[in-house]
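Student: Let's go through this model by question and answer. Please keep it brisk.

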Amino acid sequence: MPEIRPVSKENWRELIALKVREDQKHFVATNLYSIAEAQFGEDIPDEGYWAMEPYGIYEEDKPVGFLMMSYNYSFSRFQGFILRLMVDEKRQGKGYGKFGMEWMLEKYRSDPRITAVAISYEPENETARKLYASYGFVETGEIVDGEALALLNLR
Ligand SMILES: CC(C)(COP(=O)(O)OP(=O)(O)OC[C@H]1O[C@@H](n2cnc3c(N)ncnc32)[C@H](O)[C@@H]1OP(=O)(O)O)[C@@H](O)C(=O)NCCC(=O)NCCS
């Protein structure tokens with residue numbers, strides 16, 4: 001059974017060593033970039049401050065993937081944003097991506113302040129589109145920074 005662990009001083013080096021396939025590199029930032037970004041979060045005009053939480057996906061004590069959630073309780077449209085999800089090229093297709101998605105959605109669902117969650121992905125990322133649609137994410141038709149935006153209402 002996989003497990004999720006917060007990024008820490010003990011594990012960040014093994015998590016930045018995870019890589020996606022060469023042809024997937026433009027779909028997702030490196031874990032090194034994401035972990036750096038998470039230290040500060042981001043202020044977005046008209047939305048407010050997005051706090052970020054990075055985690056590793058583990059199987060039998062070995063790192064297999066990475067995910068990053070973000071939160072902004074002051075934004076009325078959606079308060080959660082799934083910022084990153086990646087599974088190492090050698091570990092894909094074994095259910096870790098789904099496990100990570102379900103873990104994040106459960107965490108958002110258990111927080112009554114979160115009414116909706118957003119996600120964005122490159123329009124040609126068919127695997128991501130299908131994965132997110134299977135959890136009920138619906139595209140809004142907006143393209144943000146070249147990525148399709150999709151929303152899931154939780155309540
Ligand atoms: C998208 C990603 C996180 C999915 O993780 P994963 O562990 O490989 O996926 P899972 O094994 O949980 O499978 C989820 C779905 O992806 C699809 N999928 C996974 N691996 C696949 C493969 N090798 N070929 C075709 N489809 C595949 C399947 O449709 C599967 O759903 P199904 O079981 O109902 O058929 C992973 O492929 C990845 O890291 N991709 C590169 C980075 C990326 O695009 N991240 C998302 C950015 S928005």
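Student: Which helices and strands each supply at least two residues of the shell around the ligand?

Tutor: Elements here are DSSP runs, numbered from the N terminus: helices are H or I with at least four residues, strands are E with at least two. This is a predicted model: local features need pLDDT of at least 70, side-chain atom pairs count only at pLDDT 80 or more, and totals for chains, interfaces and linings use all residues. Residues are numbered from 1 along each chain as its sequence is written, and side-chain values use heavy atoms, with hydrogens and water left out. The elements are strand 5 (80–87), helix 3 (96–109), strand 6 (116–121) and helix 4 (126–134).

Student: Which of the 20 residues around the ligand come nearest?

Tutor: A residue is near if one of its heavy atoms lies within 4 Å of the molecule. The nearest are Val87, Gly95, Gly97, Lys98 and Asn125.

Student: How far is a polar backbone atom of Val87 from an oxygen atom of the ligand?

Tutor: A polar contact is a pair of N or O atoms within 3.5 Å. For Tyr96, a polar backbone atom is 3.5 Å from a ligand oxygen. For Val87, the distance is 2.8 Å.

Student: How much of the ligand does the protein bury?

Tutor: Areas come from the Shrake-Rupley method with a 1.4 Å probe. Taken alone, the ligand exposes 920 Å². The buried part of that is 69%.

Student: How many residues of the shell around the ligand are nonpolar?

Tutor: Ala, Val, Leu, Ile, Met, Phe, Trp, Tyr, Cys and Pro count as nonpolar. The shell also has eight polar and two charged residues. The nonpolar count is ten.

Student: What is the order of elements from the N terminus on?

Tutor: The protein has four helices and eight strands. Their order is β-α-α-β-β-β-β-α-β-α-β-β.

Key
A polar contact is a pair of N or O atoms within 3.5 Å; within protein, one must be able to donate a hydrogen and the other to accept it, and residues adjacent in sequence count only if both atoms are side-chain atoms.
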